[in-house]
Amino acid sequence: YVLDARLRIVPPGVVGELFVAGEGVARGYLGRPGATAAAFLADPYGPAGERMYRTGDLARRRPDGTLEFTGRADHQVKVRGFRIEPGEVESALTAHPGVADAAVVAREDRPGVKRLVAYVVPGGDRVVDGAELRTHVAAGLPEYMVPSAVVLLDALPLSRNGKLDRAALPVPGEDPDRAAYVAPRDEAERRTAAILAEVLGVERVGAEDDFFVLGGDSILSIRLTSRLREAFTAEVSPRLVFTHSTVAALAAALTEASGRPVSAPITPVPRDAELPLSYPQQRLWFLDSFAPDSTEYITPLALRMRGSLDVPALEAALTALVARHESLRTTFDAVDGRGVQIVHEPSAVRLARHDLSDVPADRREAELTELLARERERPFDLRRGPLLRTGLIRLGAEDHALTLTLHHIITDGWSTGVLIGDLRELYRAALTGDAAALPPLPVQYADVAAWQRTELSGPQTDEQLTYWKRQLSNVEPLELPTDRPRPAVRSGHGATAEFEVPAAVNRRLKEYGQARGTTLFMTLVAAAQVLLSRLSGQEDITVGTVTSGRERAEAEHLIGFFVNTLVLRSSVDPERGFTDFLSEVRGTVLDAFAHQSVPFERVVDEVQPTRDTSRTPLFQAMVVLQNIPGGQLDLPGLALEDIAPETGTASFDLTLEFAEADGGVLRGLISYSTDLFDASTAERMGAALRTLLTGIADDPDRAVGALPLATPAELRRTLVEWNATGHPVPPATLAELFERQAAVSPDALAVASGAGGLTFAELETAANRLAHRLTGRGVGPEKLVALVLPRSVEMVVAQLAVVKAGGAFLPVDPNYPAERVAFMLRDAEPLVVLDDQASVWVDDGPADPPAVRALTPDHPAYVIYTSGSTGVPKAVVVTHAGLASFSAAATEHYDVRAGDRVLQFASPSFDASVLELCVSLPRGAALVVAEEGPLLGERLAQVLTEHRVTHALIPPAALATVPEAGIPDLRTLIVGGDACSAELVDRWAPGRRMINSYGPTESTVVSTWSRPLTAGSGAPPIGGPIRNTRAYVLDSALRPVPVGVAGELYVAGAGLARGYLGRPGLTASRFLADPFGPAGSRMYRTGDVVRWTSDGELR
């Protein structure tokens, strides 16, 4: 068989792995069962029970049915994200008449830079060279399979057994990354090479030079396409640059495309006509109409200027700057409900001046910070303008701060670079009296907006909108764990947190991406999506990014709001290798850039996501690499320094912003919504992202789910420090716990009910007499007694009697449907069934407990049925082992004292009833047993009040029905069994001890609990592990996840149940070996998804 990676038969002509089956298949490898299992697989296409052998050879089936060998599967390599079988390339090379033999390998002579290299032995009389052979291979194979270098050899080096000695293959030339310079061969190549040299800032570019090897990236590809579109009069997208990255390939593609229709040029429009808004402007105009005093879209720029400043020359330069760029003197209004631009005539700019030079030096910087903050908080009036405010703050004779505050509707990040560059030249001209050496602007922003409105109404736009509608269909919101509930309306309040990726890591990331035809930006997007997936637990991850929106050369030197938003959607499979995932992200980014001409606003209108005032549409997290061209920060005679703004706003839940700094360091800035996140959470995200990027640089082929988000020290905190719950408690059975207390307080009330009550002595006697009767019927260790009794005093007596007899009780609610009761009794096969309350009372017999031989804490104490996910109930067998520890811990944490009154709220069929039993009787408190029937609302309030209940475990759903007034004795309120709302905490926490408890039946009632809750603290956590219990948050491969990352909760410790009665397979699948605990210990897989908070609690 010729099969693919999933053992499916591939069509004729397609390469797959060869498997053989039949009588000749060997038994296996002597003494190596693991290797046998890996190579000898079940044959899915043969008779039942047959096996097939995985040869590791690659082959294809010819049309005549014969097989053609193409190479070895274990030689398959991955270069630039593409899987390549070297044998296919070797076959293509040896098909050349001038080649006698060939070997193709993937070399990594520089860390992170993997290249395909061919070693060729010439044959015959023909002389061959590398260029000819690469052209020959390119004629029959995809571009990514063409070797980057060809090395000619007299013979291939062989090992002693006659196989290719790959280690002996020589290293290609000193610089295998860049082909030997080949001069451009025609006019198209010369034009292309000249444009690449200009965009990249290099002196010489040859025909075989690669744009990305020379330092190109996503942003530069946009500038390149803009130049190429203008030079070749052809439609060019960034994808064309990525798929044809050499000068020769790009020139050929451009020559082919040059005859196709192109978009219309941008031309000036009359200024006496109505000037429409661009689509991005329209969105901000719309938002401003709803919140005219908002400062969310203010763009502040502040420059510290040290040196001799000529203030009149600076004002003249600013005046000339405003005259040059219409956008800086534009305001906005409405005509017939439509927003329009109004361009005003140039006027002189006067700097608003502040003098802080007389302020004491120790207070001057603080005053400056305050002034800048006030400036940022002043809203703009889009109708009145101006939308550029200029100010000058004097700090000393040669120390000033220039403030330039703009509304985002007239500027963007690229515009900042244009503004500084123009200002520098205009200031120089004002100082010298010369004319400014700035090229004229053929069009202005209003012309681009008018062109956009016309251009985006054709069939090309319809095609692009179709792509976005398909790509973003059914997109789900990002559900990150937050520190506070999401407000109904997004406020835009925000803050920032910084982090830093070391230069060495950044260098390796760039080399890794370059070797795979990806940019640093693509790698950062992929890493961010991995982080967001791990934080949220979601696999469908959508992020936004920005593109300059300046695909047209006419827009490159303009100031204006050109930036467009693109949406990048990926499926993050935790089992997939990061390199494979990056290949998908690469394709997604290229597709997005190929469809970037449609404004984001049009995309939102087309996709029509569910409107939600608490979130931004389509995505809630942004990823940005700041590598846009910026103006040099200097003015003649002045040293300039950017004063980083603290805007206090956040446009999205999260924005992950990166920028390369001096020395190659990659600086990260997380802007986050303070409505949702604390500063510590954002800082933790930054640390996780730094660790993740380091992990990618170290081992990019690791599975996405295995990439680290935390350091070993951080993981130790969750695994060890927060699980340091050991607290020695002498082991005891439930019967022993009760008997000890009965001996201490025989006359104290033990059980209270509407019909009366029993003292500890009376309860002891009643339970002992029934226990003797049960032992007489064979009840003892490992024997089960079914108690088909309602919540009652009789149930309490029966439970104690069973454990005194050494058996385990199975509570069965008689109000269950008859079918369920019958199933439980049939499935559990109890030795004895007690279903008559009267039968519990035994009038005679010994009053002392029966002697039970060989009973230990490892024997079962009770069995509780839980509703199975498949609909079939399963019986959990819980031993005495964890009861003593739980009782001691619970009475302390719940503050139970002798004489207190604990309500038995739960049905006996739920393990919450065991909690009520364990926190009351062993501590000397009374168990209050209410009459049969549901306890809700007024009835529950009446029971709590009349019986002076001090402690109660009440599920949130029932608690919500209870009037909150008039229950003065309730000192401790325990909630559990379901999620508790913040509103219930606010209502019930004041004036009492309120604890949120969590625990599956499989772990002795409670596994984790919160600290005492306080009003106003939001929805409560489920807390940390109780004494002698451990809690792990793990991923699908049982790896611990860092703080803040969603994972599945596993619990371990003394309280862990034995397993499921009579279901060993289910027990084995849910009770796993604990890889973090003592040897031989187990942990239970709860199925609940939680995360650690920074203070060691689970949510």
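**View A. T1067 is tucked away as a buried residue, with a relative accessible area of 15%.** Here, buried means under 20% relative accessible area, exposed means over 50%, and partly exposed is anything in between (1.4 Å probe, protein chains only). Before we go on: this is a predicted model, where local features need pLDDT of at least 70 and side-chain atom pairs count only at pLDDT 80 or more, while totals for chains, interfaces and linings use all residues. Residues are numbered from 1 along each chain as its sequence is written, and side-chain values use heavy atoms, leaving out hydrogens and water. T1067 sits in helix α29, which covers residues 1064–1070. Helices (H or I, at least four residues) and strands (E, at least two) are DSSP runs, numbered from the N terminus. Which residues does T1067 touch, if we don't count those up to four places away in sequence? They are R1058, G1059 and Y1060. Touching, or contact, means heavy atoms within 4.5 Å.

**View B. S245 and D210 meet through their side chains in a polar contact of 2.6 Å.** A polar contact is a pair of N or O atoms within 3.5 Å; within protein, one must be able to donate a hydrogen and the other to accept it, and residues adjacent in sequence count only if both atoms are side-chain atoms. Look for S245 in the loop between α6 (238–243) and α7 (247–257). Is S245 buried or exposed? S245 counts as buried because its relative accessible area is 6%. Skip the neighbours within four places in sequence, and S245 is in contact with D209, D210, F211 and F212.

**View C. The peptide bond from G385 to P386 is cis.** Its omega is near -15°. What makes that worth a look is that most peptide bonds are trans. To find P386, go to the loop between α10 (361–376) and β16 (388–396).

**View D. L618 has a positive phi, even though it isn't a glycine.** The angle is about 75°. As a rule, most residues other than glycine have a negative phi. L618 belongs to the loop between α17 (600–607) and β21 (621–625). With 6% relative accessibility, L618 is counted as buried.

**View E. V1005 is a residue other than glycine with a positive phi of about 75°.** Where is V1005 found? Check the loop between β37 (993–998) and β38 (1008–1009). V1005 has 5% relative accessibility, so it goes down as buried.

**View F. G754 is out in the open, exposed at a relative accessible area of 70%.** The residue lies in the loop between β26 (749–753) and β27 (756–759). Its contacts, leaving aside neighbours within four places in sequence, are V929 and H947. How many residues separate G754 from D43 in sequence? The answer is 711, and in space the two are 70 Å apart, C-alpha to C-alpha.

View G. A35 has 26% relative accessibility, so it's called partly exposed. L30, at 86%, counts as exposed. From A35 to G140 is 105 residues in sequence and 38 Å in space, C-alpha to C-alpha. L30 and T891 are 861 residues apart along the chain, with 60 Å between their C-alpha atoms.

**View H. Zooming out, the chain has 29 helices and 44 strands.** Its C-alpha atoms fill a box of roughly 115 × 90 × 55 Å along the principal axes. The chain has 1099 residues, and 55% of them count as buried. Among contacts with a separation of 6 or more, 69% are between residues 24 or more positions apart. The chain is split into six pieces, including domain 1 (2–71) and domain 3 (191–257), with bounds from an automatic or database domain assignment. The centres of domain 1 and domain 3, taken over C-alpha atoms, are 46 Å apart.
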